[in-house]
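User: I'm new to this one. Can you walk me through a few spots?
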Amino acid sequence: MLRRLFIMVPSLFLLVSCGAGRVLGEGQYALRRNEVKVEGRSGISTSELTPYIKQQPVTSILSNGFYNLAGRGTKWPSTMFRKIGTPPVVFDSTLMVESVKGITEHLEYLGYYGSKVGCRPEYKGKHAVKLVFSVVPGGRKAITDIRYNLPQDSLFRAEFAADTASSPVREGVFLSQDLLERESSRGSSYFRRRGYYDLNKTAYSFVADTLSEGIVSLEYNVGGESFRKYRISGIKASFPEDFRFREKVIREMVTVHKGDLYNERSLNNTYSRLASVQAFSSVNVETTPSSDSTVECSISIVPAKLRGFKFRLEASVNSSGFFGISPNLDLFHRNIFHGGETLTIGFTGNFQFKFGDNSIRSNEFGVNAGLAFPKFIGLPMKYFHGPDLPRTEISIAYNYQNRPEFRRNLLAASFGYGGEVRKRFRYNVSPLRVNFVRLFDLDPDFSHNLDRNPFIKYAYQDHCDAGLSSSFIYATSPDLVPRTSFWSVRFGLDLSGNVLALFRGVMPKSESGQSLVLGSPFSQYVWSEISLNRTRFFGRDQNMSLACRLIAGAGFAYGNSTILPFEKQVYCGGANSMRGWQTRGLGPGFSQMNDSFSIPSQTGDIRLEANMEFRFRIYRKLEGAVFADAGNVWNWLEASEDPEHSTVFDRNFYKSTALDWGDGLRYNLNFLVLRLDMGHILHDPSKGASSAERWRGPSKWFRRDGFALQFGVGYPF
């Protein structure tokens with residue numbers, strides 16, 4: 001009976017709430033859908049024509065349902081449902097006619113002359129209607145002859161002739177208003193980069209005969225008797241008096257100088273450079289004529305909020321009672337030395353414990369300081385001419401970890417360069433990176449287990465890690481929370497110990513033969529990882545998306561090392577990885593949970609992972625998601641004596657690939673996304689290579705070790 005009630009109540013709500021007749025008047029219809037059908041192979045997409053339809057249906061069924069549920073009532077709860085809901089779009093036949101006109105005009109703008117566009121309403125029930133637009137694109141006409149009417153100025157004519165090869169307007173291309181407008185913008189921009197300050201796209205005009213059968217003769221006009229070239233007469237920069245900023249820094253970033261020929265690109269580069277300084281909230285670069293042949297450049301700057309903080313938080317809990325929380329607090333000053341330098345002081349933590357057992361607890365604290373300069377230290381600014389400037393980054397960090405098995409200190413420092421190119425490509429290269437790791441207070445049982453397994457032992461020893469680190473990211477969308485389809489690729493590479501290895505002959509040696517730096521062996525390895533992401537938006541109002549990610553990474557120790565240091569070993573699980581497991585709770589391979597650790601620390605040399613997530617809008621800023629993850633970590637060399645629980649990566653690695661699925665909620669604030677996910681294990685390789693218990697059905701998804709809750713900030717990928 002109770003089960004039937006759970007099914008009937010939501011069904012009844014949907015039937016009542018979706019009934020638009022509860023709020024519509026006599027003879028009114030709710031617009032449910034617009035359908036566009038384009039005939040032929042014109043290459044015109046329906047999404048290109050949809051914006052010209054004057055009426056669009058409600059995109060959120062749930063929000064519309066709440067409004068319909070209110071009916072015509074004037075008291076609570078009807079007023080509440082009406083306030084939080086979205087009213088239906090009432091079909092207006094006059095707007096249907098306007099939509100047909102708008103689509104027809106847009107097709108003509110694209111060069112499809114004589115197009116036929118029709119629309120018919122299809123009524124669904126008593127109060128719903130769907131509009132079906134039929135589009136038959138008209139014919140296109142190619143340009144067969146071009147006549148140019150230009151000013152008599154010989155210099156202008158010579159420069160125009162040099163640019164004709166770059167012009168999209170040429171014989172044989174299809175004529176369209178879109179083509180001619182693009183040529184006006186492109187051509188005028190070309191001349192404004194060569195000193196012609198007062199030449200804009202209004203100087204361009206075109207006359208074409210589109211009525212002739214298959215023949216289009218185009219008259220290409222650039223108005224005016226002559227155009228004069230301008231030079232920069234002076235540059236002025238202004239900002240509030242109480243804003244302390246060194247003017248020398250601004251002068252170094254400006255790419256135009258007194259006496260230079262006017263160049264629109266140089267002015268845009270100046271704007272981009274100044275706008276990238278975090279100490280500036282807004283930048284305005286303007287030019288005004290100061291004589292018949294000179295212009296003055298004025299730069300006005302509005303300072304940003306110089307001090308502030310950022311806070312991030314991730315948390316997870318699984319069915320075994322393990323709880324983990326990772327807070328992160330960053331304090332920043334964006335103008336610490338009055339030259340746009342950004343000082344960041346960060347505090348990190350990672351706390352893991354088990355409910356009901358105070359002996360199983362791990363605490364990790366970290367503090368770091370970073371200083372970023374808006375220039376490339378080591379090279380003068382004159383060597384950089386584009387809109388994007390690199391920045392120099394110096395950082396130092398200390399981390400303390402207290403686990404039941406050991407305590408650890410880590411001191412790290414780095415020097416490098418970072419930046420972005422046209423808001424699409426970001427890079428960070430640290431040619432100098434040094435980490436010193438010290439372990440102490442090892443638990444006797446843990447130390448004994450390390451002595452029995454040299455493969456693991458070398459990962460948990462004092463060491464020095466010095467080398468080069470780099471990461472490169474390319475994304476087709478620069479937005480923090482993209483709302484349009486995009487893809488991205490991330491590549492990271494670390495090389496450690498190769499420079500130190502050149503001096504191994506003069507270094508002291510340990511009992512095992514490893515070369516020592518300040519009493520500790522130095523690590524020597526190569527590590528790399530690549531991540532491919534693709535997110536595609538679709539549906540009404542682009543309110544649904546499918547996101548996919550593929551990760552492949554590996555590290556290999558050699559020379560002075562036999563295994564990767566544990567801080568460079570890869571792992572799976574957590575809020576942004578295999579969400580059916582807690583952080584470091586999966587792998588390697590078929591391996592069982594290592595009982596040497598009270599809190600999971602499953603790591604490996606190789607990581608392969610694939611993720612897929614379907615996201616959809618539920619109500620306003622509330623989103624839902626259904627996801628699936630597949631992946632694991634493996635070792636190059638066998639670390640298990642039990643063949644049933646092999647950890648090695650071989651041709652049968654796919655058999656030890658873990659699988660999970662889950663669902664979640666996201667609250668999208670546009671600049672920030674709060675996320676809660678529940679992951680359920682489908683395939684658990686830790687049960688053994690031949691065990692039937694590796695596969696988990698629905699009856700085990702909510703049992704012990706069958707699920708994990710993950711809280712995070714931002715999308716997982």
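User: Is Ser362 buried or exposed?

Analyst: Ser362 is buried, at a relative accessible area of 1%; buried means under 20%, exposed over 50% and partly exposed in between, with a 1.4 Å probe and protein chains only. This is a predicted model, where local features need pLDDT of at least 70, side-chain atom pairs count only at pLDDT 80 or more, and totals for chains, interfaces and linings use all residues. Residues are numbered from 1 along each chain as its sequence is written, and side-chain values use heavy atoms, with hydrogens and water left out.

User: Which strand is Ser362 in?

Analyst: Strand S13, residues 357-373; strands are DSSP runs of E with at least two residues, helices are runs of H or I with at least four, and both are numbered from the N terminus.

User: What is Ser362 in contact with?

Analyst: Leaving aside neighbours within four places in sequence, its contacts (heavy atoms within 4.5 Å) include Asn350, Phe351, Gln401 and Ile599.

User: Switching to helix H9. Which residues there are buried?

Analyst: Among them are Glu264, Leu267, Thr270 and Leu274. The buried residues of H9 pack against helices H7 (177-192) and H8 (247-253) and strands S8 (280-289) and S9 (294-303).
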